[in-house]
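Student: Could we go through this structure together? I would like to discuss a sheet, some helices and the aromatic contacts.

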Amino acid sequence: MSTSSSSERELPDLPETPDTTGAYPRLTDEQMMLLSQYGERKRLTKGSTLFCEGDRDCGLFVVLDGRVRVVQENAPEGESRVIAVHGRGRFVGDLSILTGQAVYVTAVAQTDVEVLELSYERLKEAVTQDQALGDLILRAFILRRNIHADLGAGLRIIGSRYSAATRMLRDFASRNRIPCRWEDVEEDPEAEATLRAFDIPPDQTPVVIWKGQTILRNPSTTELAELLGLRAAPSRAAYDLVVVGAGPGGLAAAVYAASEGLSTVVVDAFATGGQAATSSQIENYLGFPAGITGSELADRAVVQARKFGAVFNIPGEATALTQADGYHAVSLAEGDDLIAHAVLVATGVHYRRLDIPGMDRLEGSSVYYAATEFEARLCRQDPVTVVGGGNSAGQAACFLARRSPVVNLVIRHDDLGRDMSRYLADRVEQSPRITVWRHSEVCELIGDEALDEVLLHDLHTDQKQPVATTALFVLIGAAPHTSWLKGQIPLDAKGFVLTGPAADSHDGMFETSRQGVFAVGDVRSGSVKRVASAVGEGSVAIRQVHEFLEAEGRR
Ligand SMILES: Cc1cc2nc3c(=O)[nH]c(=O)nc-3n(C[C@H](O)[C@H](O)[C@H](O)COP(=O)(O)OP(=O)(O)OC[C@H]3O[C@@H](n4cnc5c(N)ncnc54)[C@H](O)[C@@H]3O)c2cc1C
């Protein structure tokens with residue numbers, strides 16, 4: 001915490017922001033009393049900074065007296081913008097406190113204040129005494145993160161809508177729930193002016209601007225992750241367990257492994273949450289009768305795994321699995337090797353590409369393999385097309401129809417209910433915004449730099465018809481992420497990992513033919529492709545990891 005006073009700053013005493021969404025709850029006297037046993041009381045003068053955008057390892061602040069304001073630095077208007085003002089009984093902080101990343105906003109004492117400061121470790125201790133308090137804080141932080149994302153606080157990404165590199169950075173930020181603001185050089189004069197001001201030629205875009213000053217020119221996702229604290233330095237000593245893949249299966253395994261005392265590192269090629277985090281609403285996961293967004297489920301799981309000591313390394317793409325001196329080694333594309341006694345493979349599946357004319361040219365700018373808030377914002381009010389007849393295609397069509405006036409859903413057969421749950425098929429059929437194109441397939445993408453139309457082929461009449469579309473969502477069946485395991489672990493004919501009896505393993509359902517290497521979730525041959533089953537498998541597999549470590553005398 002910086003206590004440097006900036007009294008020259010204009011700080012009119014704004015009223016407290018009302019709590020209309022649950023993002024800014026007020027603590028009860030009992031909760032404040034509890035936290036006071038774990039925190040340190042501090043008096044700060046007006047203008048002092050509690051934490052600054054970009055700071056790491058900041059604590060939680062409870063306002064005891066006076067008012068604190070949270071601001072977005074470098075808002076689009078070029079000045080800092082007040083996001084919220086907190087008075088007595090409210091707490092100030094960001095989800096990053098719990099995930100160990102940099103914070104994306106700044107907090108300043110609006111008046112002379114008295115606050116209670118709690119470090120992450122002390123906060124963890126405090127909330128074990130009051131579960132409801134822990135949940136209140138986590139929920140508020142997740143809601144605040146959504147508010148910050150909507151405001152475009154945090155990173156600035158400047159690049160062209162037609163650039164695949166820009167799309168990759170935006171996608172990376174979105175999938176990792178990092179608030180950011182994108183400025184399109186094609187139509188935003190502000191973007192053009194910023195590039196000129198920093199003397200950045202077009203061939204060095206996209207650029208990332210962080211804290212108004214740090215500039216990364218055409219960075220890789222790894223460079224961006226390092227800037228934001230998503231990559232932990234790997235340990236030189238062997239871990240008990242390396243979890244490869246941070247979807248529901250890997251996250252569940254990480255929670256159970258770390259909570260039972262195994263030193264655990266989790267790597268993921270792209271983001272935490274896996275496919276589930278791309279789901280706009282998961283309605284069949286036990287305990288969430290109103291549904292839960294995939295991104296909230298992922299955030300909660302990451303916070304939970306980290307609470308027990310699991311370490312995350314994102315991006316960390318496994319490229320090979322080898323064995324030497326009784327240890328397993330997972331090689332990463334980013335350059336490090338992770339050594340462990342046991343490895344849990346939870347790399348899931350990815351959606352297949354459509355191999356049709358125009359795909360190579362337009363995939364980077366106009367083709368999507370998930371439908372989240374991020375993609376929905378991009379599509380704005382435009383007509384879109386979804387390809388696929390399964391539940392993920394149905395969910396995507398319903399979700400996109402909330403914003404797009406025209407959603408085309410293209411299926412190859414006649415019966416929408418064949419591969420889609422009945423409740424979803426009903427919703428699709430009842431939506432006035434969704435047109436279902438039965439017995440049809442997309443056979444060509446039309447457009448120069450961005451998609452203008454798709455060519456639909458009617459499989460009954462053999463007629464072809466152009467349909468206006470600015471974005472294509474391809475959700476047509478999945479292939480496993482197992483190319484990195486080829487030649488190391490037996491796979492089935494479709495490339496899924498064999499485990500248990502099918503792999504001649506006698507040590508349980510999730511062990512592969514290689515002792516100490518386990519596989520769970522969608523990547524496992526014969527698994528049920530659902531969030532709940534991946535979570536169940538990830539949790540149960542840890543029992544088998546324990547048994548293996550004990551049998552080997554490593555625990
Ligand atoms: C849009 C959509 C909606 C869905 N909705 C529902 C629903 O409502 N209910 C439901 O039950 N199921 C739903 N599903 C299915 C569900 O999300 C999956 O069954 C579940 O996510 C599988 O979890 P997993 O951990 O096995 O794998 P995944 O979620 O696929 O996660 C695998 C992770 O591994 C990472 N990875 C891949 N290769 C590597 C590598 N070489 N190195 C490191 N990391 C790697 C990936 O980046 C990914 O993050 C939906 C799926 C989608 C796509």
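Tutor: The discussion below concerns a predicted model, taken topic by topic.

Student: Let us begin with the open sheet; what is the order of its four strands?

Tutor: The order is β10-β9-β11-β12, with mixed pairing. β10 (180-184) and β12 are the edge strands, each pairing on one side only. From one strand to the next, the twist averages 20°.

Student: In which sense do β11 and β12 pair?

Tutor: They pair in the antiparallel sense, over four bridges. Within this part of the sheet, V208 has L216 of β12 as its bridge partner.

Student: And which strands does helix α6 touch?

Tutor: Helix α6 (residues 189-197) packs on the sheet and touches β9, β10 and β11. The direction of α6 makes about 95° with that of β9. Another helix, α7, lies across β9, β11 and β12 and runs at about 165° to β12.

Student: Staying with α7, which of its residues are buried?

Tutor: In α7 (residues 221-228), the buried residues are T221, T222, L224, A225 and L228. They lie on the same side of α7, because they cover an arc of only 160° around the axis. Their packing partners are β9 (155-159), α5 (164-175), β11 (207-210) and β12 (214-217).

Student: What follows α7?

Tutor: G229 follows α7, and its phi is positive, near 85°.

Student: Now α12; how many of its ten residues are buried?

Tutor: Eight of the ten residues of α12 (residues 391-400) are buried, so the helix is largely enclosed by the rest of the structure. Among them are N391, G394, C398 and F399. The elements that cover the buried residues include α11 (373-379), β21 (384-387) and α13 (422-430).

Student: Changing topic, how many aromatic pairs does the structure hold?

Tutor: The structure holds seven aromatic pairs. One of them joins Y104 and W210 in a tilted arrangement, 5.6 Å centre to centre with 55° between the planes. Y104 is in the loop between α2 (96-99) and β7 (106-109), whereas W210 is in strand β11, so the pair ties together parts 106 residues apart in sequence.

Student: Are those two residues buried or exposed?

Tutor: Y104 counts as buried at 0% relative accessibility, and W210 is buried with a relative accessible area of 2%.

Student: How is the pair of F518 and F548 arranged?

Tutor: That pair is edge-to-face, at 6.4 Å centre to centre and 70° between the planes. F518 lies in strand β29 (residues 517-519) and F548 in helix α14 (residues 531-551), so parts 30 residues apart in sequence are tied together.

Student: Finally, what lies over the face of Y120?

Tutor: R306 does, at 4.6 Å from the ring centre.

Terms used:
Residues are numbered from 1 along each chain as its sequence is written. This is a predicted model: local features need pLDDT of at least 70, side-chain atom pairs count only at pLDDT 80 or more; totals for chains, interfaces and linings use all residues. Side-chain values use heavy atoms; hydrogens and water are left out. Buried means under 20% relative accessible area, exposed over 50%, partly exposed in between (1.4 Å probe, protein chains only). Helices (H or I, at least four residues) and strands (E, at least two) are DSSP runs, numbered from the N terminus. The arc is that of the directions from the helix axis to the C-beta atoms. Contact means heavy atoms within 4.5 Å. Two strands pair if DSSP finds at least two bridges between them. Axes are lines fitted to C-alpha atoms, for helices over the stretch in contact, and angles run from 0 to 180 degrees between N-to-C directions. Rings of Phe, Tyr and Trp (its six-membered ring) pair if their centres lie within 6.5 Å; planes under 30 degrees apart count as stacked, over 60 as edge-to-face and the rest as tilted. A charge sits over a ring if NZ of Lys or CZ of Arg is within 6 Å of the ring centre and within 35 degrees of the ring normal.
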